[in-house]
Amino acid sequence: MKILVVDDHPLVRKGIISTLSFEKYIDSILESSNKNEAMNMIQREKPELAIVDIYLGREDGLEIVSDSRKRG
């Protein structure tokens, strides 16, 4: 399974990635810090699951979800 972690706080991202890395069924864990990076990563890497922070600084994490669904 390929997972994308989207959060604007590097420490939070690293903590989530560290926790997920112990799971056997996860093949790779991708990360991004903002909406633009996340959208590019989703198009390029096609993760099966995205863990998205709702508040990405001044951006809205829910836009990643809605934009991905429109493109999908």
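**Cores, a helix face and a buried aspartate**

The largest nonpolar core comprises nine residues, namely Leu4, Val6, Leu30, Ala38, Met39, Met41, Ile42, Leu56 and Ile64. A nonpolar core is here a set of buried Ala, Val, Leu, Ile, Met, Phe, Trp, Tyr and Cys residues joined through side-chain atoms within 4.5 Å; buried denotes under 20% relative accessible area, exposed over 50%, and partly exposed the range in between, with a 1.4 Å probe and protein chains only. Two or more residues of this core are given by strand 1 (2–6) and by helix 2 (35–45), and helix 2 supplies the largest share, four residues. Helices (H or I, at least four residues) and strands (E, at least two) are DSSP runs numbered from the N terminus. A second, separate core has five residues, among them Val5, Ile17, Leu20 and Ile26.

The model is predicted: local features need pLDDT of at least 70 and side-chain atom pairs count only at pLDDT 80 or more, whereas totals for chains, interfaces and linings use all residues. Residues are numbered from 1 along each chain as its sequence is written, and side-chain values use heavy atoms, with hydrogens and water left out.

Helix 3 (residues 61–71) contains the buried residues Gly61, Ile64 and Asp67. Seen down the helix axis, these buried residues fall within an arc of 110° (taken from the directions from the axis to the C-beta atoms), so they line one face of helix 3. Arg69 and Lys70 are exposed on the other side of the helix. The buried residues pack against strand 1, helix 2, strand 3, strand 4 and strand 5 (59–60). Isoleucine 64 touches Val6, Lys35, Ala38, Met39, Ile42, Val52 and Leu56, not counting residues up to four places away in sequence; contact means heavy atoms within 4.5 Å. At the start of helix 3, a side-chain oxygen of aspartate 60 comes to within 3.0 Å of the backbone nitrogen of leucine 62.

Aspartate 53 is located in the loop between strand 3 (49–52) and strand 4 (55–56). Aspartate 53 is buried yet has no salt bridge, and the nearest side chain of opposite charge, arginine 13, is 8.7 Å away. A salt bridge requires a side-chain nitrogen of Lys or Arg within 4 Å of a carboxyl oxygen of Asp or Glu; Lys and Arg count as positive and Asp and Glu as negative, while His and the chain ends are not counted. The side chain of aspartate 53 does reach the backbone nitrogen of tyrosine 55, at 3.3 Å.

Terms used
Polar contact = N/O pair within 3.5 Å; in protein donor to acceptor, adjacent residues only side chain to side chain.
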